[in-house]
Amino acid sequence: MVGFRAGDVPPTATVKFIGAGTAACIADLFTFPLDTAKVRLQIQGESKSPVNTGHGPVKYRGVFGTISTMVRVEGPRSLYSGLVAGLQRQMSFASVRIGLYDSVKQFYTKGSEHVGIGSRLMAGCTTGAMAVALAQPTDVVKVRFQAQNSAGANKRYHGTMDAYRTIAKEEGFRGLWKGTGPNITRNAIVNCTELVTYDLIKDALLKSSLMTDDLPCHFTSAFGAGFCTTVIASPVDVVKTRYMNSAPGQYSSALNCAVAMLTKEGPKAFYKGFMPSFLRLGSWNVVMFVTYEQLKRAMMANCLHVH
């Protein structure tokens, strides 16, 4: 584009908010089967797990093994079980988590030009915690749907709204916020690592003039951020998934769930589902950040034309 470019104008908070929510939903549509495979692998080996009701224990092996077993036993639609709640989660979650990140970062730097790693981390933790507080019920429903065997006769939930109602009725209103503690921890870690490493990798690539602020740079930064995030966040993610999916009274707390995993299955249990986790986070980050950067530009270009 010749002349005045949309990229020269900083995007407004509204543009970031809408852009982040939309980009996250698009990323979720692409990567949801990997997320479902991750959940199934994470809860595998857990005693008294509500998953696979009415079936013998299904053994999942690896990412593609899990996906092909699910397609064979439950049909292809099972890979998108919980998608409605997943999209509700992304719309509310990502718009807060990513859309407000820059504004919160500016609040911590008090308008200073220099943005230290501390301000970035604080901003990542703050928006991550705010997003969880808002979107937790959608996350609980998503995980429960992904964990339930959709070929089983005795399904726990028959639709998204039914799941919200059933959980609130059987476990009380607090049941919808089950696992908020580990989820805030996981998301503070994910948000900090993801946004900060994306920020740092992108800054480093631009400053060293290895790349310009365009698609390849966004792709490289997003993929690097996805790998770093998976390594750091995986243990908390497994505990969060199991605790959210657990039957009432199965674990007294998230910590109790972690201790049970360690004693019964050993430390390797904390990295169950690592491959689909990385493939999902890596590809999710790439689709999300690349779409987000392009949407911001397109929306700002539109604003410029209107004015």
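How much of the chain over residues 213-298 is helix and how much is strand, and how far apart are the end C-alpha atoms? The views below concern a predicted model, in which local features need pLDDT of at least 70, side-chain atom pairs count only at pLDDT 80 or more, and totals for chains, interfaces and linings use all residues. Residues are numbered from 1 along each chain as its sequence is written, and side-chain values use heavy atoms, with hydrogens and water left out.

**View 1. The annotated repeat at residues 213-298.** This stretch is 79% helix and 0% strand, with its end C-alpha atoms 15 Å apart. Helices (H or I, at least four residues) and strands (E, at least two) are DSSP runs, numbered from the N terminus.

**View 2. The largest nonpolar core.** This core has 21 residues, and those with the most contacts inside it are Ile98, Met288 and Tyr292. Two or more residues come from each of α1 (13-43), α4 (101-109), α7 (180-207), α8 (215-245) and α10 (274-306), and α10 gives the most, with 7 residues. A nonpolar core is a set of buried Ala, Val, Leu, Ile, Met, Phe, Trp, Tyr and Cys residues joined through side-chain atoms within 4.5 Å; buried means under 20% relative accessible area, exposed over 50%, and partly exposed in between (1.4 Å probe, protein chains only). Not counting residues up to four places away in sequence, Tyr292 touches Lys16, Gly19, Ala20, Ala23, Ile98 and Gly99, where contact means heavy atoms within 4.5 Å.

**View 3. The loop residue Tyr80.** Tyr80 is found between α2 (62-74) and α3 (83-97) and is partly exposed, at 34% relative accessible area. Leaving aside neighbours within four places in sequence, Tyr80 is in contact with Leu29, Phe32 and Pro33. Tyr80 and Arg97 are 17 residues apart in sequence and 24 Å apart in space, C-alpha to C-alpha.

**View 4. The loop residue Ser209.** Most residues other than glycine have a negative phi. Ser209, in the loop between α7 and α8, has a positive phi of about 60° although it is not a glycine. This residue is exposed, with a relative accessible area of 62%.
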